[in-house]
Amino acid sequence: MVGDEGKELLSAVEGLRSQVHDATFPLDIPGVDKAQMSRSALLKQLDDYVIPRLNALDAPLLTVVGGSTGAGKSTLVNSLVGSVVSQGGVLRPTTRVPVLVHHPHDQNWFDGSRVLPNLARITGADETEHAAGETGVGQGALRLIASRALPAGLALLDAPDIDSVVHANRDLAGQLFLAADLWLFVTTAARYADAVPWDFLRRASEHGTSVAIVLDRVPPESMDEIRTHLVSMLRDQGLASAPIFTVAETTVTADGLLSEREIARLRSWLSALARDAKARSIVVRRTLDGALRSIPDSALVLSAASDEQEAATAALHREVETAYVDAMQSVQHAMTDGTLLRGEVLARWQEFVGTGQFLRQVEAGISRLRDRLAAAIRGNSRPTAELGEALQSGVAELLTAQSRAASATVLRRWRQMPGGPALVAAHPELADPAPGSTGRVERLVRDWQGEVLDLVRAEAGDRRTTARVFSFGVNGAGVILMLLVFSQTGGITGGEVGIAGGSAVLAQRILEAIFGDQAVRTLAARSRHRLMERAQQMYAVEQARLTAVVSAVQAVPGQAERIKAAAACVQGTR
Ligand SMILES: Nc1nc2c(ncn2[C@@H]2O[C@H](COP(=O)(O)OP(=O)(O)OP(=O)(O)O)[C@@H](O)[C@H]2O)c(=O)[nH]1
Ligand SMILES: [Mg+2]
């Protein structure tokens, strides 16, 4: 893997690293925690091991000494080094700040940020180490110790316990394992069958990580029996090739070290590994290949989670769109089904035209009627203004009610959708109307009324029409036109004659007498169209308020594809 091929693989892995680094899972949907954890695990695996290792295949072999608390990890490391570099103790768990012992020649490799870049370096033996770990001062740190007792090319890392009651220990141990070229797994005769260590060993087996086992504190009389059992357990986990080093139960020295006799075999195996570049590269390649093999699966978890994020986001957006399309349809419907011509509007209209009796006269003669109406409606008379106001508040109420209904529907639906509840909880302001919405609706309706009057003025082009329009006043004709806009007939057919319908027919007749029927149709259609356009604009603002909330917790689109492509690239160059 030296040369171009290695460079290509390294750049593919770095490409994937940058995609994984940039990936976000901002929407709080089921499974998001798992995705976040997978992301940071993959990032650490790439940063702590794969990338530094691909960068320098001949770098020192990092042997991580791991296992349960009290198994004797620190004691073993101290014994191999020949002095107490990592405090052992009776208080469990003891080791919190991992200690990395290396030959002085290998210092450059470990003291920078090439390996385990997110752990700060503490160098030299420090009497307060233990206290630092306890108080949290040393959390997130790695103690580096240079020692000639170890051969160059091989470093030992004393890790915290893997099954720790201390969360941070467990996470750190997991991270250190992913950074290892070789796991030196320490267990005891009493505890080698415990479940948690075997979970780790199974993972090592799945990852293809190189593993060696140290079986501590074995009573000499049951040595053979225990060893045989352990061998068969290892074989069942696909770890038959892992060498086993046994340490008989003895007393430790005054310094807490094991006797040299007990660790001689392990020491010579490690030394041989350090000396033999080929043997070392077999260990490294095996672990590296395992790590590279696991990358596509890890990436798949992230791309699947990204797909879920995108799907959930799209669904949340869709609810907003649907609700406002429905709102527009309801507005359209209410504008033409006579809804607006009831209540206040109808009462005001009847002030102009009287009641049933008057309606019956409509057919009798529009001109007589017109004269009478003209007198009532003329100019800015009070009835005209009141009818105009009634229409204005009717339209404003309709637009507001439908807008509120739309946002309430969105919030209700969101609460039942993946990612929705957190969104609703994070934005209590959405339960209230958008700030300034009342003013905006009122302005909208007023502006529209102004526009209708402009249309009437423009239509009153020739002198005869002008004269007729002026007999009602522009405002009067405008109000009648608005009335027509909100009727079922809309100026297009004679339509049914209910109370509302009757008003509309009357309005239509009057306007036809002024402008001619074709012009009335056009005026009504145009006015209605302009109102719908304004309503659409207003709803777009309301809609944007909800859409923005989703967009704010949305991953950059295409994340799933980018991760998949980058992972495929790694697989292709592996
Ligand atoms: N008699 C005997 N005692 C041992 C042996 N190995 C470790 N001990 C003792 O067991 C206790 C725990 O050993 P450590 O080396 O601190 O264990 P550890 O695995 O580093 O524990 P943590 O740092 O808590 O994860 C210490 O008191 C050691 O002196 C051994 O082989 N024989
Ligand atoms: Mg320890």
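Helix 2 and helix 10 are roughly antiparallel to each other, because angles over 145 degrees count that way. In this predicted model, the axes of helix 2 (residues 32-55) and helix 10 come within 10 Å and cross at roughly 150°. The crossing is left-handed.

From helix 2, the contact draws on Ala 35, Ser 38, Arg 39, Leu 42, Gln 45, Tyr 49, Val 50 and Arg 53. Facing them in helix 10 are Val 284, Leu 288, Ala 291, Leu 292, Ser 298, Val 301, Leu 302 and Ala 305. By class, this contact has 11 nonpolar, 3 polar and 2 charged residues.

Helix 10 (residues 277-336) has a further partner in helix 19 (residues 517-552). Their axes come within 10 Å and cross at roughly 155°. That angle makes helix 10 roughly antiparallel to helix 19. The crossing of helix 10 and helix 19 is right-handed.

On the helix 10 side, the contact is made by Thr 313, Leu 316, His 317, Val 320, Tyr 324, Ala 327, Met 328, Val 331, Gln 332 and Met 335. Helix 19 supplies Arg 528, Met 532, Ala 535, Gln 536, Tyr 539, Gln 543, Leu 546, Thr 547 and Val 550. These residues divide into 12 nonpolar, 6 polar and 1 charged.

The two contacts by residue class:

| Helix 10 with helix 19 | 12 residues | 6 residues | 1 residue |

Next, helix 16. This helix covers residues 437-459 and has 23 residues. It reaches 33 Å from its first C-alpha to its last, close to the 33 Å expected at 1.5 Å a residue. Buried positions in helix 16 are Arg 440, Val 441, Val 445, Trp 448, Gln 449, Val 452, Val 456 and Glu 459. An α-helix has 3.6 residues a turn, so residues three or four places apart point the same way.

Ser 222 sits in a loop, between strand 7 (210-218) and helix 8 (223-236). Ser 222 counts as exposed because it has 12 C-beta neighbours inside 10 Å. Its C-alpha atom is separated by 9.9 Å from that of Ala 248, 26 residues apart along the chain.

Now the whole chain. The protein chain holds 20 helices and 8 strands. Of its 574 residues, 41% count as buried. Among contacts between residues at least 6 apart in sequence, 78% join residues at least 24 apart.

Technical notes:
Residues numbered from 1 in each chain as written. Chains lettered and ligands numbered in written order. Predicted model: local features only at pLDDT ≥ 70, side-chain atom pairs only at ≥ 80, totals over all residues. Axes fitted to C-alpha atoms, helices over the stretch in contact; angles between N-to-C directions. Helix = DSSP H or I, 4+ residues; strand = E, 2+ residues; numbered from the N terminus. Parallel < 35°, antiparallel > 145°, perpendicular 65-115°, else oblique. Left-handed = near helix turned anticlockwise from the far one by under 90°. Contact = placed C-beta atoms within 7 Å. Nonpolar A, V, L, I, M, F, W, Y, C, P; charged D, E, K, R; others polar. Expected span 1.5 Å × (residues − 1). Buried ≥ 20, exposed ≤ 12 C-beta atoms within 10 Å, placed from the backbone.
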